Amino acid sequence: MAAAVGVNVLLTFAQIVGGLVSGSLAMIADALHNFSDAASLLIAVWARRIARRPADDDMTFGYGRAEVVAALINLTTLIVIGLYLLYEAVLRFFNPEPVTGWLVVVIAGVALVVDLVTAWLTFKMAQDSVNIRAAFLHNLADALGSVAVILAGTLILLFGWTWVDPLVTLGIAAYILWLAASEIGGVIRILMMGTPPRMAPEDVLKSAEGIVGVTEVHGAHLWQIDEKQTALMAHVVIERGAWSRADAIKAQVKEALHRDHGLVHVTLEME
């Protein structure tokens, strides 16, 4: 992770200098995206450390949502960057500037190698963290952005088409916005205590109501604690004459919910 952050920070400065010298807005756009990747990795590491703290009196569910908050910060920053790049690209169409194509191609080529290496470094950790998965996707997006910048520089060198530079910038900005929009919904869903997207509440209730001795389940609240943990609170109505088995029925309901849906944080009020 440290190596991934380090190479992205160095690349950001190189691309900004190269973009200013060559006059390429597309390269500066790619530099800003690289910087957001470095920042997102730093935030992800910081949030990951916090998330590993055990539950205490202040955070009785633990600190797992620190990673979700960090993801929201990273994705919101990406949206701001994407909108800014759209604005700058439109202005460049009306006020075109000369672009040094060969410098664009050389620096973008180096950027492509760094992006692919960073994606490789973060691939394994991306499997179980929304934060690092977002960073991994960002690096893949950067690699595509670098390919686009190389293409733009080549066309400028061959044909002098300077309008390709803001056009590529528009494409990079649109991809950044699409990537952020596709990820941010799930993050907001967790923070708004929504139900897990792949868990139907009616199926959860059916599992509980399928236990012998259960008449009805009502007043249920199903929500995500963090990316990996889901909680349920519900009122369970016991059949008449079965109250002596209430504790056993509660245990069976919890076992069914864990077996069928992976629920471990279950609080049941028996009636």
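## The largest pocket

In this predicted model, the largest pocket is lined by 19 residues, and those that lie nearest its centre are Ile 190, Pro 197, Arg 198, Gln 224 and Glu 227. Two elements, α5 (130–159) and α6 (164–191), each give two or more residues to this lining, and α6 gives the most, with five residues.

The volume of the largest pocket is about 340 Å³. By residue type, its lining divides into seven nonpolar, six polar and six charged residues.

Helix α1 covers residues 2–22, a run of 21 residues, and it reaches 30 Å from its first C-alpha to its last, which is close to the 30 Å expected at 1.5 Å a residue. The buried residues in α1 are Ala 4, Val 5, Asn 8, Leu 11, Thr 12, Gln 15, Gly 18, Gly 19 and Ser 22. Seen down the axis of α1, these buried residues fall within an arc of 160°, and therefore they line one face of the helix.

On the other side of α1, the exposed residues are Ala 2, Leu 10, Phe 13, Val 17, Leu 20 and Val 21. The residue that follows α1 is Gly 23, which has a positive phi, near 80°.

## Ser 40 in helix α2

Ser 40 has its place in helix α2, which is made up of residues 25–51. With a relative accessible area of 2%, Ser 40 counts as buried, because that value is under 20%. Although Ser 40 and Ile 132 are 92 residues apart along the chain, their C-alpha atoms are separated by 8.2 Å.

Terms used:
Residues numbered from 1 in each chain as written. Predicted model: local features only at pLDDT ≥ 70, side-chain atom pairs only at ≥ 80, totals over all residues. Heavy atoms only, no water. 1 Å grid on protein atoms, 1.4 Å probe; cavity = no way out; pocket = protein on both sides within 12 Å on 5 of 7 lines; lining within 4 Å. Points joined across faces, edges and corners; volume = space filled by probe spheres on them. Helix = DSSP H or I, 4+ residues; strand = E, 2+ residues; numbered from the N terminus. Nonpolar A, V, L, I, M, F, W, Y, C, P; charged D, E, K, R; others polar. Buried < 20%, exposed > 50% of the residue type's maximum accessible area, 1.4 Å probe, protein only. Expected span 1.5 Å × (residues − 1). Arc of directions from axis to C-beta.
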